[in-house]
Amino acid sequence: MATASKRLATNVAGDFFVDSTCIDCGTCRQVAPESFAEGRDASYVWRQPDGTVEQRRAEMALVACPVAAIGTEVKHAFAPARAAFPEPIEDCVYYCGWAAESSYGARSYLIVRPGGNILIDSPRYAAPLVKRIEELGGVRWMFLTHRDDVADHRKFHERFGCERILHRADVVSGTRDIEIKLAGVDPIAFDDEVLFVPVPGHTPGSTCLLYREHFLFSGDHVWWDAKRERVSASRSVCWYDWEEQTASMERIAAYRFEWLLPGHGMRCRLPAEGMREQVARCVRRMRAKATETQ
């Protein structure tokens, strides 16, 4: 847990606080925006939780934090917050919480399906999370959107025997033993519910997963910018090729989906046509102002 002596001055007075070890990954802002906000270089408590529901959300944010940068002045019983993950988003899709520092706090998701569950990107390998995933049917496949957010992939593979999926262009020394390696830039139909969509740009092998034409798991390719209230991508964290990422974004605009579920940045849900227009606007900004963070 966080250290009171490192408590950031930006926190409001009260029980919950963020300390100076925060890496500004945004996990707490995703889980409990009623209490946590974005500062210059770190998150902070802008408002203390009010009531049981908000307190539980703040406790969940503390559990999910990848670097234990959130603390409390009084003792809490965190077992219910630990057991709250994976947290249902809609239908059979869950948010895993328990972010990993090695993936810079990236979000991870679980799709629960009769034909085999899919874990999308790797959360922290934490016993309470593993137990809950087991109760939900375990993991049949583990899809890694790109090379950055693989975290504890090997531990999940060893525990559940899941086959891991990653684009060949993003395979490095730590992922050479991945079971399924995607290739090329054309969409790949995995089954009648899952489509892999290569989106080179952020990294050479970045790939999105489109589920039931309703959920797009986008890794670090695209996310929702809550401050500007728009779909966004960023040249400052494009590690491969910005022009390629722009072209990939243009292809994404052709797909129908309502949920945007990124590795970093906030998730959002919009009507399908509204989402398509948001992506198209993002493409126009990327092309018009190549040097601006979109």
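This report describes selected side-chain contacts, cysteines, aromatic rings and backbone features of the structure above.

The model is predicted, and for that reason local features need a pLDDT of at least 70 and side-chain atom pairs count only at pLDDT 80 or more, while totals for chains, interfaces and linings use all residues. Residues are numbered from 1 along each chain as its sequence is written, and side-chain values use heavy atoms, with hydrogens and water left out.

Glu90 belongs to strand β5, which covers residues 87-90; helices (H or I, at least four residues) and strands (E, at least two) are DSSP runs, numbered from the N terminus. With a relative accessibility of 18%, Glu90 counts as buried, where buried means under 20% relative accessible area, exposed means over 50%, and partly exposed lies in between (1.4 Å probe, protein chains only). Leaving aside residues up to four places away in sequence, Glu90 touches His214, Phe215, Trp259 and Arg269, a contact being heavy atoms within 4.5 Å. Trp259 is 169 residues from Glu90 in sequence, yet the C-alpha atoms of these two residues are 9.4 Å apart in space.

Two of these neighbours are also reached through polar contacts, that is, pairs of N or O atoms within 3.5 Å; within protein, one atom must be able to donate a hydrogen and the other to accept it, and residues adjacent in sequence count only if both atoms are side-chain atoms. The side chains of Glu90 and Trp259 are joined by such a contact of 3.0 Å, and the side chain of Glu90 makes another, of 2.6 Å, with the side chain of Arg269. Glu90 is also linked with Arg256, Glu258 and Arg269 in a network of salt bridges.

**Salt bridges**

A salt bridge is a side-chain nitrogen of Lys or Arg within 4 Å of a carboxyl oxygen of Asp or Glu, and the structure holds 22 of them. Some of these pairs are set out below.

| Glu38 | Lys227 | 4.0 Å |

Glu38 is partly exposed at 35% relative accessible area, whereas Lys227 is exposed at 64%.

In the remaining pair of the table, Glu258 is buried at 17% and Arg256 is partly exposed at 42%.

**Aromatic rings**

A search of the whole structure finds 9 aromatic pairs; rings of Phe, Tyr and Trp (its six-membered ring) pair if their centres lie within 6.5 Å, and planes under 30 degrees apart count as stacked, over 60 as edge-to-face and the rest as tilted. The rings of Phe190 and Phe196 have centres 5.3 Å apart and planes at 50°, so this pair is tilted. Phe190 is partly exposed at 27% relative accessibility, while Phe196 is buried at 2%. One aromatic cluster is formed by Phe85, Tyr95, Tyr109, Tyr211, Phe215 and Phe217.

**Cysteines**

The structure holds 0 disulfides, a disulfide being a pair of cysteine sulfur atoms within 2.5 Å. The cysteine sulfur closest to that of Cys162 belongs to Cys96 and is 12 Å away, which is too far for a bond. Cys282 is likewise in no disulfide, the nearest cysteine sulfur, in Cys268, being 11 Å away. Cys162 is buried at 0% relative accessible area, and Cys282 is buried at 0% relative accessibility.

**Backbone features**

Most residues other than glycine have a negative phi, and most peptide bonds are trans. Phe85 and Pro86, however, are joined by a cis peptide bond with omega about 0°, and Pro86 is found in the loop between α3 (79-83) and β5. Glu213, in the loop between β14 (207-211) and β15 (215-219), has a positive phi near 50° and is exposed at 53%. Glu229 has a positive phi near 55°, lies in the loop between β16 and β17, and is exposed at 57%.
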